Amino acid sequence: MKGYLTTAHGDIVIENEVIAKYAGITAIENFGIVGMASVNMKEGIVNLLKRDNVSKGVNVSVEDNHITIEFHIIVAYGVSIAAVTENLISNVRYKVEQFTGMKVDNICVYVEGVKNLD
C-alpha cells in the first residue's frame, strides 16, 4: 500500500520506494552504520550497498497511514550495536514522521554484518 494524505489543497500519495530511500539515507547518516545490506537468501551472501541503492536494504509497508520499516544494516566494528540501533530508530522515526506526516509504528533492524573501517 501507499501512503495517502489529504490536505486542504488536495490529496498526496507517497510511494513506499520514496519512504524507503529517505529512511535509508537517514539511517546511513548515523554514527556506527557502515551502510545498508542486500541479502541473497538463497546463497546466504550479504552485500554492502552503495549510497545510490540504499533503498534495497530497506523494506517499507504502509497500512492505514501507519508505517513499518525494516532495515538490513552493516555496522562498524567496535561500536555498541544496542546504542547504534537505538540512535538509528530514534532518528529515523522522527525524520520520517516529519517528512511524510504519517506515524511510524514499527522499526525493525537486522544487523547483517560487521565491517572493520581500517
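The questions and answers below concern this predicted model.

Visitor: Which pattern does the protein chain follow, read along the sequence?

Guide: The model is predicted. The protein chain contains two helices and seven strands. Read along the sequence, these elements give the pattern β-β-α-β-β-β-β-α-β.

Visitor: What share of the contacts with a separation of 6 or more comes from residues 24 or more positions apart?

Guide: The protein chain has 118 residues, of which 34% count as buried. Among its contacts with a separation of 6 or more, residues 24 or more positions apart account for 65%.

Visitor: How many bridges join strand β1 to strand β2?

Guide: Strands β1 (residues 3-7) and β2 (residues 10-14) form a hairpin with two residues between them. Within this pairing, Thr6 stands opposite Asp11 in β2. The two strands run antiparallel, and the number of bridges joining them is five.

Visitor: Which residue in the turn between β5 and β6 has a positive phi?

Guide: Strand β5 (residues 58-63) runs antiparallel to β6, with six bridges between them. One of the pairings sets Ser61 against Thr68 in β6. The two strands form a hairpin with two residues between them, and the turn residue with a positive phi, about 55°, is Asp64.

Visitor: Why is strand β6 described as largely enclosed by the rest of the structure?

Guide: A residue counts as buried under 20% relative accessible area. Strand β6 covers residues 66-76, a run of 11 residues. It is largely enclosed because the number of its residues that are buried is eight.

Visitor: What is the handedness of the crossover from β6 to β7?

Guide: Strand β7 (residues 103-115) runs parallel to β6, and 11 bridges join the two. Ile74 has Gly113 in β7 as its bridge partner. The chain passes from β6 through α2 to β7, a β-α-β crossover that is right-handed.

Visitor: How far apart are the end C-alpha atoms of α1?

Guide: Helix α1 has buried residues including Ile19, Ala23 and Ala27. At 1.5 Å a residue, its 13 residues should span 18 Å. The separation of its end C-alpha atoms agrees with this, at 18 Å.

Visitor: Why does the pair of Tyr22 and Phe99 count as stacked?

Guide: The structure holds one aromatic pair. Planes under 30 degrees apart count as stacked. The rings of Tyr22 and Phe99 have their centres 3.9 Å apart, and the pair is stacked because their planes lie at 5°.

Visitor: How many residues apart in sequence are the parts that this pair ties together?

Guide: Tyr22 is partly exposed at 28% relative accessibility, and Phe99 is partly exposed at 40%. Tyr22 lies in helix α1 (residues 16-28) and Phe99 in helix α2 (residues 81-100), so the pair ties together parts whose separation in sequence is 77 residues.

Key
Residues numbered from 1 in each chain as written. Predicted model: local features only at pLDDT ≥ 70, side-chain atom pairs only at ≥ 80, totals over all residues. Heavy atoms only, no water. Phe/Tyr/Trp six-rings, centres within 6.5 Å; stacked < 30°, edge-to-face > 60°. Helix = DSSP H or I, 4+ residues; strand = E, 2+ residues; numbered from the N terminus. Buried < 20%, exposed > 50% of the residue type's maximum accessible area, 1.4 Å probe, protein only. Pairing = 2+ DSSP bridges. Right-handed = clockwise from strand over helix to strand, strands pointing away. Expected span 1.5 Å × (residues − 1). Contact = heavy atoms within 4.5 Å.
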